[in-house]
Protein chains: 2
Amino acid sequence: NQEITWSLLYEEWASYSVFYKYQPIGLIRKYFGEKIGLYFAWLGVYTQMLIPAAIVGVIVFLYGCATVDDNIPSMEICDPRNNITMCPLCDRACSYWKLMTACGTARASHLFDNPATVFFSIFMALWAVLFMEHWKRRQMRLNYIWDLTGFGEEEEGEKVKLTCTDRLPAYLTTVVTMCFMIAVTFAIVFGVILYRISIKAALHISNYPAARSNIRATVKTTAAIINLIIIIILDEIYAAIARWLTTLEVPKTDKSFEERLIFKTFILKFVNAFTPIVYLAFFRGRLVGRPGNYLYVVGSYRMEECAHAGCLMELCIQLCITMLGKQLIQNNLFEIGIPKLKKLLRRRKSEMDTKQEEELNKTLQRHEKDHFLGPFVGLSPEYMEMIIQFGMVTLFVASFPLAPLFALLNNIIEIRLDAKKFVMELRRPIAAKAKDIGIWYNLLRGLSKVAVIVNAFVISFTSDFIPRLVYQYMYSPDGTMHGFINHTLSYFNVSDFQPGTEPLQPMHLGYHVEICRYKDYREPPWSSTPYELSKEFWAILAARLAFVIVFQNVVMLMSDFVDWLIPDIPKDISLQIHKEKILMVELFMKEEQGKRLAARDNHNQDNFTSPSSADQSPPQPRSRPVSHANCY
Amino acid sequence: NQEITWSLLYEEWASYSVFYKYQPIGLIRKYFGEKIGLYFAWLGVYTQMLIPAAIVGVIVFLYGCATVDDNIPSMEICDPRNNITMCPLCDRACSYWKLMTACGTARASHLFDNPATVFFSIFMALWAVLFMEHWKRRQMRLNYIWDLTGFGEEEEGEKVKLTCTDRLPAYLTTVVTMCFMIAVTFAIVFGVILYRISIKAALHISNYPAARSNIRATVKTTAAIINLIIIIILDEIYAAIARWLTTLEVPKTDKSFEERLIFKTFILKFVNAFTPIVYLAFFRGRLVGRPGNYLYVVGSYRMEECAHAGCLMELCIQLCITMLGKQLIQNNLFEIGIPKLKKLLRRRKSEMDTKQEEELNKTLQRHEKDHFLGPFVGLSPEYMEMIIQFGMVTLFVASFPLAPLFALLNNIIEIRLDAKKFVMELRRPIAAKAKDIGIWYNLLRGLSKVAVIVNAFVISFTSDFIPRLVYQYMYSPDGTMHGFINHTLSYFNVSDFQPGTEPLQPMHLGYHVEICRYKDYREPPWSSTPYELSKEFWAILAARLAFVIVFQNVVMLMSDFVDWLIPDIPKDISLQIHKEKILMVELFMKEEQGKRLAARDNHNQDNFTSPSSADQSPPQPRSRPVSHANCY
């Protein structure tokens with residue numbers, strides 16, 4: 001029977017060729033238990049829900065592609081008649097440059113920075129709520145089918161009885177260590193930034209023109225790869241630290257241990273994965289100061305600027321690399337490569353030649369073959385990977401509408417990969433019962449709440465959506481976007497450069513530059529308060545903040561409405577549960593009545609029936625044994 | 001037995017002299033049923049929770065009183081050396097005035113507009129969450145004591161089977177009528193505003209100095225009273241309309257009918273009660289235009305301005321009148337007066353003289369006496385009154401820290417008043433079972449969510465909290481509040497008045513005025529863009545909006561944290577429930593086993609026990625009959 005289930009799973013589930021089919025959740029539960037069954041059910045629901053998100057994301061991206069030629073701001077940047085001279089991007093080595101050279105980036109950034117992105121953010125916020133609701137209903141249905149509605153998590157006895165005072169040192173250690181690890185993450189991210197800055201400066205100073213032309217590409221790529229490697233290495237270290245900290249805390253029950261461990265690991269991995277992205281989205285290019293008064297770090301390095309309209313572009317590239325790179329490396333290396341390697345090593349040890357082994361394979365039972373497989377280490381790594389991905393999909397969807405598509409493609413592979421792993425690479429785990437996905441649900445819920453505010457900030461601060469709107473309705477002379485680029489650029493008088501920071505080759509462009517432009521809203525040199533933040537800056541800042549408030553509250557209201565609209569328990573299931581409850585009560589009453597009758601019979605032989613159940617035919621409770629592991 | 005319960009309730013509950021005691025909830029439930037028991041339990045929890053809120057509110061108010069003399073802005077207003085000439089408050093009839101004359105208002109408004117208010121808003125937001133949690137736990141405990149944990153609301157059969165198409169006209173009617181009624185409320189509020197404006201203008205034009213000196217007081221008082229009367233009258237009309245609309249919708253069950261009715265009534269009453277307050281808090285004094293370019297409505301009436309720093313003050317007065325007035329009138333007139341009157345009329349009808357009646361009173365049973373009492377009309381009016389009060393307490397607490405105190409005082413009376421009503425004025429209602437307070441809980445939850453954002457806006461837009469902070473940290477030359485008043489006032493050149501709007505008595509103050517001041521952040525007449533919104537305006541607007549975002553998200557985070565920290569079910573109750581569930585399961589298994597044994601005995605006499613319960617001693621379930629009405 002088990003052998004048949006295994007081969008059914010092998011054929012119908014653990015194969016890439018059936019990627020378009022639903023998973024045989026019933027079989028999975030039968031063979032691996034409820035906990036693993038729920039994981040695959042959840043992964044299935046998530047992947048299924050990613051399909052519409054991916055489709056809408058692709059449409060939004062295609063809308064960006066289609067409208068790139070009608071986009072007035074990028075047309076203005078690319079127009080050679082707008083002869084705008086920009087201030088140098090670094091001290092001394094860099095010179096003035098033409099805005100026209102940023103034409104490519106400007107056009108590319110329109111793909112990810114257009115009004116459709118706002119719509120897509122709202123869509124994805126509601127999508128997240130729908131996903132949670134859909135999962136709640138599916139879980140309820142599985143609970144019913146698997147007969148877990150009456151199953152409560154067993155409260156285990158406490159292993160150790162500790163008072164608050166006993167626990168305090170452990171909690172303090174946890175808090176301090178967590179803060180320290182988060183600080184380490186920040187420091188590493190800052191280190192990578194410094195690396196980028198210094199390499200850039202070094203390359204700028206070198207006189208090889210070949211090196212210079214490749215400056216941007218080289219720096220970006222190496223920095224992104226370093227980031228990625230650091231994230232992957234730290235992930236492993238953090239997992240170990242989280243485990244150590246949780247052991248220190250001596251949680252009361254195994255369940256509490258697991259939840260605390262997951263929570264800590266989540267916090268650390270989340271910070272690790274998202275710090276570089278948050279830096280790119282909200283800080284890069286904002287802390288640069290202004291020409292003549294730049295911000296310097298570690299001596300004489302200027303903070304990095306984005307290419308014109310390029311911060312969003314770099315955010316996209318980073319998201320793309322993190323999503324693809326992390327998933328590819330983790331999937332291939334950690335999930336396929338390492339188990340295979342371990343298996344190989346284990347076989348090497350037992351020193352059998354291939355033929356003998358094949359022979360054995362035929363005669364051995366499944367549980368005997370299991371001996372050669374890796375042990376099952378729990379579902380946490382699988383969930384964690386998916387939750388971080390869910391974070392990528394919901395948190396920064398405003399800047400990268402293709403994220404759901406990437407996630408979908410990854411997950412279609414992921415399901416079958418995990419299936420293969422469970423069926424073939426790992427020893428069959430001991431079946432564990434579970435009613436829900438536990439703390440993971442709360443983490444998902446928390447993420448989808450945070451996503452609303454993060455998206456609001458990405459739209460209003462990272463993209464140029466709000467400045468464009470403000471320009472169009474407040475400053476534009478003719479109500480169109482013409483003149484927007486000129487409006488976003490402030491003036492700088494080159495005689496105001498701090499001594500020693502002016503470009504070495506001022507005549508680089510072939511003419512003498514008196515006024516250069518930079519992207520900021522500041523007063524011009526000829527105003528009474530030169531280079532101070534201008535009225536436009538404050539007006540646009542107010543508009544950005546107002547947008548955040550409106551966006552957050554509207555999306556929260558819509559989410560609450562959707563949440564309220566969809567009942568948590570499917571109608572048919574709730575009816576069934578209600579019916580069964582009534583039967584249970586009737587059974588109980590019959591029992592009571594029987595006892596009473598028996599007691600009365602002992603006293604006198606009067607044949608009296610209690611009025612409450614006298615006029616009822618005896619109930620026929622559907623026979624549902626309360627705990628059975630393998631029925632389907 | 002019933003008679004004893006009644007007299008116990010009469011002595012221990014329905015009396016003002018026991019106001020400091022807990023209510024005998026068990027007795028109430030025994031005599032009136034679970035639904036009414038839950039109402040009084042809820043009212044008790046709410047009143048109890050109001051005590052700390054009232055205490056903190058009074059402390060905040062006292063803090064305002066204590067610091068009023070150290071408040072630099074009001075000191076500057078009251079300082080006769082700051083000889084500031086303000087622009088006239090109305091066209092032609094009004095003249096220039098000294099800022100010093102606003103000294104009293106400025107000092108008074110400090111009572112409600114000081115940093116402690118911000119703290120109090122946060123406190124009250126968390127208070128609301130604590131209240132909800134506390135109630136959930138209390139409800140759970142009552143459910144357990146009253147043995148309702150297994151009780152599910154009975155799904156009634158549908159009375160009428162209607163398709164969506166059948167229901168569409170009714171839904172449309174509802175939506176249209178609701179919108180219309182809300183529009184009517186807005187129109188009436190606007191009408192009251194127009195009344196105030198026109199009366200003020202008429203009084204200004206009249207030449208009686210006595211009339212003039214009382215202008216403000218007269219207008220304010222009459223307008224507030226008109227508002228109050230309109231609210232009370234509309235409340236009654238709206239209740240009728242909501243009932244009519246719900247009947248049109250033909251809800252599927254009685255429960256659904258009640259919920260829909262409550263929801264509609266709530267929306268209408270809420271809009272009715274809060275529109276004047278919202279106008280005062282967010283619109284009054286903001287839509288006035290500026291000197292030389294005022295905003296006129298209905299021909300030639302200028303929109304009303306607040307007295308200097310007085311908008312918050314007027315909001316306080318309005319809240320005070322609404323809370324005190326509404327509660328006093330509704331309590332006294334509707335809840336005591338009218339039932340008494342009805343009772344009197346009913347007695348008149350039966351035409352008995354007092355002596356005969358007294359005689360009868362002694363001989364009659366309670367249920368016979370009931371004949372002379374008014375019928376029970378449901379709990380909705382009681383709940384509704386409390387919910388609107390909860391709204392007042394949480395929504396505008398930032399502007400009126402004494403609201404919880406007023407609510408507390410009202411509720412202490414309210415409990416005993418309702419008790420008297422139920423015990424003596426009304427016929428004993430048919431006991432109804434209920435597990436929770438139903439839709440009222442959702443409405444409370446919704447209100448406490450809305451309260452966070454409303455308070456954020458009151459603090460940042462209605463009070464001067466943010467402008468003061470911005471001045472202190474951005475503009476103040478010495479980092480103190482000195483010069484704040486001067487900074488908030490813009491300059492106006494009197495030669496820029498539109499023809500026909502300049503004051504008739506320009507020499508009113510005894511000297512020739514060239515420049516007058518008005519409260520706004522606009523460019524001075526000598527700038528290149530005179531009277532345009534200044535950079536300070538936008539900077540302060542950005543700061544206000546940023547505060548809203550920070551406040552809302554911090555408070556929401558803290559609320560979620562408190563919500564997560566406090567378990568919904570008290571620990572002892574959840575343990576008890578768990579134990580009982582296990583007993584229930586054991587009972588079921590014993591039953592199953594008995595059947596199996598019986599079946600097997602019929603086939604062969606083999607004495608086999610199932611392994612699952614073989615090693616267990618037979619369970620002794622605590623005998624709890626599933627439905628019993630009067631056990632305590």
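At 4% relative accessibility, A:C87 counts as buried, where buried means under 20% relative accessible area, exposed over 50% and partly exposed in between, with a 1.4 Å probe and protein chains only. This is a predicted model, in which local features need pLDDT of at least 70 and side-chain atom pairs count only at pLDDT 80 or more, while totals for chains, interfaces and linings use all residues. Residues are numbered from 1 along each chain as its sequence is written, chains are lettered from A and ligands numbered from 1 in the order in which they are written, and side-chain values use heavy atoms, with hydrogens and water left out.

The partner of A:C87 is A:C516, to which a disulfide joins it with an S to S distance of 1.9 Å; a disulfide is a pair of cysteine sulfur atoms within 2.5 Å. A:C516 is likewise buried, at 0% relative accessibility. Because the torsion about the S-S bond of A:C87 and A:C516 is about 90°, the disulfide is right-handed. A:C87 lies in the loop between β1 (85-86) and β2 (97-98) of chain A, and A:C516 lies in strand β8 (residues 515-519) of chain A, so the pair ties together parts that are 429 residues apart in sequence. Helices (H or I, at least four residues) and strands (E, at least two) are DSSP runs, numbered from the N terminus.

In chain B, a disulfide joins B:C87 to B:C516, S to S 1.9 Å, and both of these cysteines are buried. The torsion about the S-S bond of B:C87 and B:C516 is about 90°, so this disulfide is right-handed. Another bond in chain B is formed by B:C78 and B:C103, with their sulfur atoms 1.9 Å apart. This pair links distant parts of the chain, since B:C78 is in helix α4 (residues 72-78) of chain B and B:C103 is in helix α5 (residues 103-112) of chain B, 25 residues apart. Over all chains, a search of the whole structure finds 4 disulfides.

Which cysteine sulfur is closest to that of A:C320? It is the sulfur of A:C316, which at 8.1 Å is too far for a bond. A:C316 counts as buried, at 3% relative accessibility, whereas A:C320, at 23%, counts as partly exposed.

We turn now to the place where the chains meet. The contact (heavy atoms within 4.5 Å) takes 38 residues from chain A and 38 residues from chain B. The area buried between the two chains, that is, the accessible area (1.4 Å probe) that two parts lose on being put together, summed over both, is about 3,200 Å², of which carbon and sulfur atoms give 66%. A:K535, A:W538 and A:F588 supply 20% of the area that chain A buries against chain B, more than any other three residues.

Between chain A and chain B the count is 4 salt bridges, each a side-chain nitrogen of Lys or Arg within 4 Å of a carboxyl oxygen of Asp or Glu. In one salt bridge, the side chains of A:K449 and B:D560 meet at 3.4 Å, N to O. On the side of chain A that touches chain B, α16 (439-462), α19 (535-565) and α20 (571-603) of chain A each supply at least two residues, and the largest share, 13 residues, comes from α19(A).
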